[in-house]
Amino acid sequence: MLASSHSLQDAVSMDTRSDTDCIIVGGGPAGLMLGLLLARRGLDVTVVEKHADFLRDFRGDTIHPSTQQLLGQLGLLDEFLQRPHADMSRVTLSWHGTELTLADFAHLPTARKVMTFMPQWDFLDLLADAAGRHPGFHLLRSTRIDGVVREGGRITGVTGTGPEGAVEIRARLVVDASGRDSEVRTAAGLAPTEVAAAMDVLWFRLPKHEGEAYPFVQAGAGMIITIDRGDFFQIAHVIPAGTWTGEAEDVPEMIARLRRISPRLGEAAASLTRDDVHLLRVRLERLRRWYVDGLLCIGDSAHAMSPAGGVGINLAIQDAVTTARILGPVLENRAPLPRDLRRVQRRRAWPVIVTQAVQRQMQRPLLTTTQPGAPLPRPLRMLRDHPALTRMTGRFVGLGA
Ligand SMILES: Cc1cc2nc3c(=O)[nH]c(=O)nc-3n(C[C@H](O)[C@H](O)[C@H](O)COP(=O)(O)OP(=O)(O)OC[C@H]3O[C@@H](n4cnc5c(N)ncnc54)[C@H](O)[C@@H]3O)c2cc1C
């Protein structure tokens, strides 16, 4: 194990070097969970996050039953449940007014049989607080990593810019968990391939009135996902890629579409302006190889997930668990070799491939624009006619592939 430093923020700024067992780029679900798990083993680990805090709006909010099981095993479940949250025992969908269950969690073999919605900044704060109780854990905020250090063909560190200027950190292992637009991945020479055509998400808030509620997913003329954040609704409206042009007519067209899917929600959105609506680009892609000597990609950096099914956070967390299990013991003794990194990819590649294949199938009918009265797409008919299938989908969403 390498020497630990409590004042790493000072040590790494302004061109100095600092050694740590593992550098993790990105303080999202994958990066912070891995940081926590490695620090619990007594390793020295540094998570580098480009933002000053976790208060970004564009994050999924779902904490899956399997992640909650993990939090229980880590002794963090009570702390988790003290934070603002809402539980959902099944995922419902409304198709032009016809309601059906997409996934039922009631039969899962987990202590909590619910999907929990928690603003992601609260969840990430929880992980960062828990990790910070271990002396080997360091979180560098406001530090953006955009380069790698190579020695003899091996990646041995990263470079970037922090609040005080240039930063260079060396480590036995670099883990890139910086998400779908990773710069580190590019610097390492890795490029993802597309699994399905991109789609776009229009992301906006709507006020919530006393007793007001919507099905989680509403579809039929595009798709609307409604996340209840207590005092407001966070809306994700999924549309085919490139159909939001940035022109003035975008908003009235969007409101007309919302009205066709959900008249009530369309009404609530009537006063939105273009400034209220953010365009997020969604990609479904993955790396063929998740690693190069000295660096491993996990989470969305290795496999960008679509919001379909709300499973990307679960996969990112499961990547972190597998990485900690396989590489934690290695890091205690030596720098991981490519064959060690390959073991992580081997263990995680199939769940990712299966999940992305399902997401690709799900995206198609839900994106299709149909008129009221249009028949339910076949997969939805099957779920309606064979309710037992919703236990399987509950397993898929709640536990993962
Ligand atoms: C619109 C939308 C909605 C979604 N909704 C859901 C949902 O409800 N449920 C679900 O399970 N999944 C959802 N997903 C998918 C989910 O968001 C991702 O799969 C998940 O966040 C991946 O976690 P991650 O830790 O790998 O990456 P991220 O969550 O992307 O975290 C990466 C972190 O790295 C930081 N970072 C980036 N670049 C750098 C850099 N150069 N230097 C330092 N730090 C850097 C970022 O600031 C960020 O904090 C959604 C996706 C989209 C696009």
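This section describes the domain arrangement, ligand shell, nonpolar core and strand pairing of a predicted model.

Contact between the domains involves 10 residues of domain 1 and 11 residues of domain 2. On the side of domain 1 that touches domain 2, at least two residues come from each of strand 16 (278-286) and helix 10 (338-367). The largest contribution to this side is that of helix 10, which gives three residues. Classified by residue type, the side of domain 1 that touches domain 2 contains four charged, three polar and three nonpolar residues.

The ligand is surrounded by 36 residues, of which Gly28, Gly60, Gly179, Gly299 and Gly312 are the closest. Residues of the shell are supplied by both domain 1 and domain 2, and the ligand therefore lies between them. Four elements, namely helix 2 (29-40), strand 9 (144-151), strand 16 and helix 9 (312-331), each provide at least two residues of this shell. Helix 9 gives the most, with four residues. In composition, the shell around the ligand divides into 15 nonpolar, 13 polar and eight charged residues.

In soluble globular proteins, nonpolar side chains tend to be buried together. In the present model, the largest nonpolar core holds 107 residues. Within this core, the residues that touch the most other members are Cys22, Leu34, Leu127, Val174 and Leu296. Each of domain 1 and domain 2 contributes at least three residues to the core. When neighbours within four places in sequence are left aside, leucine 127 is in contact with Leu32, Met33 and Leu36.

Strand 11 (residues 165-176) takes part in several pairings. Strand 1 (residues 19-25) runs parallel to strand 11 and is joined to it by six bridges, with isoleucine 23 having valine 174 as its bridge partner in strand 11. Strand 18 (residues 295-297) is likewise parallel to strand 11, through three bridges. In this pairing, valine 174 stands opposite leucine 295. Valine 174 is accordingly a bridge partner of isoleucine 23, stands opposite leucine 295 in strand 18, and is one of the residues that touch the most other members of the largest nonpolar core.

The pairing of strand 11 with strand 10 (residues 154-162) is antiparallel and also comprises six bridges. Here glycine 160 stands opposite valine 167 of strand 11. Strand 10 and strand 11 form a hairpin, with two residues between them.

An open sheet of three strands is also present, with the order 3-7-4 and antiparallel pairing. Strand 3 (62-63) and strand 4 (86-88) are the edge strands of this sheet, each pairing on one side only. Three bridges link strand 4 to strand 7 (residues 115-117) in the antiparallel sense. Among the paired residues, aspartate 87 has threonine 116 of strand 7 as its bridge partner.

Note on methods. Residues numbered from 1 in each chain as written. Predicted model: local features only at pLDDT ≥ 70, side-chain atom pairs only at ≥ 80, totals over all residues. Contact = placed C-beta atoms within 7 Å. Nonpolar A, V, L, I, M, F, W, Y, C, P; charged D, E, K, R; others polar. Near = placed C-beta within 6 Å. Domains from an automatic or database assignment. Core = buried A, V, L, I, M, F, W, Y, C linked by C-beta atoms within 7 Å. Buried ≥ 20, exposed ≤ 12 C-beta atoms within 10 Å, placed from the backbone. Pairing = 2+ DSSP bridges.
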